Amino acid sequence: MTSISEVNSLPKTKKPSDSAFKQQRLPAWQPILTAGTVLPTFFVIGIAFIPVGIGLLYFSDQVKEYIIDYTDCNSTNYLRTGVPLKCADIIAETSNLNPPCKCEIHFKLPVDFNGKIFMYYGLTNFYQNHRRYVKSRDDNQLLGKLSNVVSGDCEPFAFEGERPIVPCGAIANSLFSDEFKLYSKSHNDWVPLLKTGIAWPSDKNIKFRNPDGNLTEVFNNDTYAKPKNWNKYIFELDPENNSNNGLQNEDLIVWMRTAALPTFRKLYRRVNHTEDGFTEGLLAGNYTLHINYSYPVSAFDGRKRMILSTTSLLGGKNPFLGIAYIVVGCICLLLGITLLIIHIKCSKSVTEMINVTPHTPYQE
């Protein structure tokens with residue numbers, strides 16, 4: 001710390017002003033941790049967190065899920081010497097299959113799925129959180145500013161020859177492309193699935209915009225190229241609904257919001273509960289999942305899943321938060337009890353503290 005004499009000897013322009021902050025005279029508060037303050041804190045946290053955790057676990061357990069791992073499903077339209085082949089092996093040998101590999105999985109819902117039903121796809125061992133992958137996008141391009149495709153972050157997925165790729169980057173290039181359809185044998189009908197309402201409204205209304213004009217003409221094949229791994233052009237993602245097409249397609253928007261962990265799920269469809277037979281949800285019974293299988297995962301040893309899920313008051317199934325609250329609450333209670341026992345056994349009473357003889361230095 002600078003002494004007063006050193007400060008006075010400094011030139012006038014370098015001398016700190018005589019303020020409480022610069023002269024370090026600000027008042028300070030240092031809490032004194034005593035048993036009377038620490039022990040109640042531990043007990044209050046423990047008593048509060050455990051019921052909250054139990055409540056979170058209860059609501060999480062109310063969510064019903066049915067998960068199908070379809071990574072190794074057999075093809076129904078590609079055969080070799082009369083024997084069905086795995087779609088994973090077929091697309092590993094031949095890219096851009098036409099028609100795509102199709103497979104079916106028959107399953108039975110053991111109980112009724114009441115309320116709102118959502119369909120997710122899940123991937124494992126896919127690191128969307130890699131730094132270069134997360135940066136590989138052009139946000140100006142996603143806002144419809146196609147004349148400004150100059151972002152170097154998109155390389156090597158920025159150009160195909162002289163034509164800019166729209167949308168560019170590794171994230172868009174790896175867009176999930178499997179397609180699901182669900183058939184209910186109980187109703188002898190397809191389960192109605194909605195393609196909209198699956199993306200964050202803030203993303204669709206702010207971060208993703210289509211350029212003005214007819215999308216087919218704007219994204220002309222002679223001017224712009226589609227991503228290398230796509231089977232469709234940007235204007236073909238949802239030709240039935242122009243508001244869900246192009247750069248504002250909700251499947252694309254959901255995929256572009258990268259996951260934090262290598263095992264993740266993303267919302268794929270919502271069940272339309274306005275259709276007759278599905279107003280209350282999905283009844284227990286037999287169903288068939290029809291899959292257009294085109295997304296390769298063998299290169300990174302991944303797995304693919306389809307998840308049907310209900311929701312609760314707090315959203316989807318997530319037991320981690322409830323478990324975390326209970327664990328923290330139990331730890332606080334355990335620490336509180338331990339410190340209380342130590343305090344009772346080892347602390348000195350007020351009388352003992354008064355009668356403590358002060359230490360006097362040794363005198364000859």
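**Figure 1. What the largest pocket is lined with.** The residues around the largest pocket split into 18 nonpolar, eight polar and 12 charged. Keep in mind that this is a predicted model. The pocket holds about 980 Å³ of space, and its lining runs to 38 residues. If you want to find the middle, look for S177, E179, K232, Y268 and N292, which lie nearest the centre. The top contributor is β9, with four residues.

**Figure 2. A look into the second largest pocket.** Here we have about 740 Å³ of space, with 24 residues making up the lining. Y120, F264, R265, K266 and L267 sit nearest the centre of this pocket. Helix α9 (250-256) and the strands β12 and β15 (304-309) each put in two or more residues. Strand β12 gives the most, with four. As for residue types, the lining of the second largest pocket comes out at 11 nonpolar, six polar and seven charged.

**Figure 3. An open sheet of five strands.** Reading across, the strands come in the order β1-β15-β6-β12-β11, and the pairing is antiparallel. At the edges you'll find β1 (65-69) and β11 (193-194); each has a single partner strand, so one side of each goes without a neighbour in the sheet. Within the sheet, β6 (residues 118-123) and β15 pair in the antiparallel sense over six bridges. To get your bearings on this pair, spot F118, which stands opposite S309 in β15.

**Figure 4. The largest cavity.** Searching the whole structure turns up two cavities of 30 Å³ or more, and this view shows the largest, with about 50 Å³ of space. Its lining is made of V166, F219, Y224, A225, K226, Y233, I234 and F235. Seven of these lining residues count as nonpolar, none as polar and one as charged.

**Figure 5. The second largest cavity.** About 40 Å³ of space lies in this one. Around it are A88, I91, A92, Y293, Y295, P296, V297 and S298. Which helix gives the most to this lining? That's α3 (residues 87-93), with three residues. Sorted by type, the lining of the second largest cavity has seven nonpolar residues, one polar and no charged.

Note on methods. Residues are numbered from 1 along each chain as its sequence is written. This is a predicted model: local features need pLDDT of at least 70, side-chain atom pairs count only at pLDDT 80 or more; totals for chains, interfaces and linings use all residues. Side-chain values use heavy atoms; hydrogens and water are left out. On a 1 Å grid over the protein atoms alone, a cavity is a set of points where a 1.4 Å probe fits but cannot get out, and a pocket is an open set with protein on both sides within 12 Å along at least five of seven lines; lining residues have an atom within 4 Å of a point. Grid points are joined across faces, edges and corners, and a volume is the space filled by probe spheres set on the points. Ala, Val, Leu, Ile, Met, Phe, Trp, Tyr, Cys and Pro count as nonpolar, Asp, Glu, Lys and Arg as charged, and the others, Gly among them, as polar. Two strands pair if DSSP finds at least two bridges between them.
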